[in-house]
Amino acid sequence: MSQEDRKYSNKFDSSFMEKAIRQAKIACELGEVPVGAVIVKDGTLLAESHNLTGSMKDPTAHAEVLAIRKASLILGDWRLVGCTLYTTLEPCAMCAGALVLARIERLVFGAMDPRSGMVGSLENLVSDVRLNHRMTVSSGVLAEESGTLLRDYFKVRRS
């Protein structure tokens, strides 16, 4: 990614992460774990989604995977070259693997996930040199807002 592309991407990170947070809030309203994701290409929003594992009774219905599916349909290709995925939580192993397979160029996420995060917390799957694709990663974008949604959700669930 060129320096000009990096400036362009960073300029819009907060606004696209806000869209991901809105998706996470929708998930929460549905009783789902509040994680949201959006995919952007050339500054244009392609797809947005939120967790639906409980609603769909599907363990793969994570926000990131659902957003990848939507973006692939829109672009007519499984390779999401030139795309950035914004997600409110550090991706798990499944989602990190899907990002690599989809050839996502850049990942931006909010809160770290020390229990299952695979983009720095437990391992760093998206930057593993043994794989055929790696991506640029920016973390901590609107992390407090993302983390608060998750903490509040689990506090209510535990009480």
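**Helix, sheet and core**

Author: In this predicted model, helix α4 is followed by R103, whose phi is positive, near 65°.

Reader: Which residues of α4 are buried?

Author: In α4, which spans residues 93-101, the buried residues are C95, A96, G97, A98, L99 and V100.

Reader: And what do they pack against?

Author: The buried residues of α4 pack against α3 (63-75), β3 (83-89) and β4 (106-111).

Reader: Turning to the sheet, what is the strand order?

Author: The order is β2-β1-β3-β4-β5, in an open sheet of 5 strands with mixed pairing. Because β2 (44-50) and β5 (136-139) are at the edges, each with a single partner strand, one side of each has no neighbour in the sheet. From one strand to the next, the twist averages 15°.

Reader: How many bridges join β1 to β2?

Author: There are 6 bridges between β1 (residues 36-41) and β2, and the two strands run antiparallel. K41 stands opposite T44 in β2.

Reader: Where does α5 lie?

Author: Helix α5 (residues 143-158) lies across β3 and β4, and its direction is at about 60° to β4.

Reader: Finally, which residues have the most contacts inside the largest nonpolar core?

Author: They are I39, I68, L80, L85, L99 and I104, in a core of 30 residues. At least two residues of this core come from each of β1, β2, α3, β3, α4 and β4. Another core, of 12 residues, lies apart from it and includes M17, V38, V108 and V141.

Reader: What does I39 touch?

Author: Leaving out residues up to four places away in sequence, the residues that I39 touches include L46, I68, L80 and L85.

Terms used:
Residues numbered from 1 in each chain as written. Predicted model: local features only at pLDDT ≥ 70, side-chain atom pairs only at ≥ 80, totals over all residues. Heavy atoms only, no water. Buried < 20%, exposed > 50% of the residue type's maximum accessible area, 1.4 Å probe, protein only. Helix = DSSP H or I, 4+ residues; strand = E, 2+ residues; numbered from the N terminus. Contact = heavy atoms within 4.5 Å. Pairing = 2+ DSSP bridges. Axes fitted to C-alpha atoms, helices over the stretch in contact; angles between N-to-C directions. Core = buried A, V, L, I, M, F, W, Y, C linked by side-chain atoms within 4.5 Å.
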